[in-house]
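Hello,

Here is the structure I promised to pass on to you. Have a look at it, and then read on for what turned up.

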Amino acid sequence: MLRFGVLFLQLLLAITFIVIPVSRIFGASSLQQVLSLGVPRWLIWVANVVELSGALLLLLGLRMGLLAAIGALLLASSMAGATLAHIRAGNLFAEVPWALVIFGFCLIVVLLQWPAIQAALKSL
């Protein structure tokens with residue numbers, strides 16, 4: 001049952017982090033929201049690459065747990081940056097809680113993939 005839960009969480013995060021960056025790339029209103037935070041455009045493109053890479057690694061991680069952990073760490077770093085951007089812009093109650101929830105989900109994936117991380121470290 002726990003295995004199904006982590007796979008579901010990985011899939012949910014992967015879909016989320018495919019939809020959000022793709023919508024920003026095509027100029028959806030989410031791009032304007034991020035620009036209104038005072039985030040430079042180049043940083044938005046870096047975040048898009050990080051988020052799409054993390055999503056791809058989560059999908060590949062459905063077969064290899066270590067890739068899921070790496071993808072989740074990439075997404076957690078993106079959410080840490082998003083949290084800081086929202087705090088800097090004063091969106092403490094509107095957006096920060098959601099960014100922290102997603103950050104927490106990413107860390108849960110890392111913890112649930114801990115055996116794969118340990119196995120990879122032992123093989124070094």
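Beyond its neighbours within four places in sequence, Gln10 is in contact (heavy atoms within 4.5 Å) with Leu58, Gly61, Leu62, Ala68, Val109 and Gln113. A polar atom of the Gln10 side chain lies 3.2 Å from the backbone oxygen of Leu58. Gln10 belongs to helix H1, residues 2-25 (helices are DSSP runs of H or I, at least four residues, numbered from the N terminus). Gln10 has a relative accessible area of 0% and is therefore buried (under 20%, with exposed over 50% and partly exposed in between, using a 1.4 Å probe and protein chains only).

Please keep in mind that this is a predicted model, where local features need pLDDT of at least 70 and side-chain atom pairs count only at pLDDT 80 or more, while totals for chains, interfaces and linings use all residues. Residues are numbered from 1 along each chain as its sequence is written, and side-chain values use heavy atoms, leaving out hydrogens and water.

The whole structure holds 1 salt bridge (a side-chain nitrogen of Lys or Arg within 4 Å of a carboxyl oxygen of Asp or Glu). Glu51 and Arg24 form this salt bridge through their side chains, at 2.4 Å from N to O. The pair links distant parts of the chain, with Glu51 in helix H3 (residues 41-60) and Arg24 in helix H1, 27 residues apart. Both residues are buried.

Finally, Phe26 sits in the loop between H1 and helix H2 (29-36). Phe26 counts as exposed because its relative accessibility is 69%.

Enjoy exploring!

Terms used:
Helices (H or I, at least four residues) and strands (E, at least two) are DSSP runs, numbered from the N terminus. A polar contact is a pair of N or O atoms within 3.5 Å; within protein, one must be able to donate a hydrogen and the other to accept it, and residues adjacent in sequence count only if both atoms are side-chain atoms.
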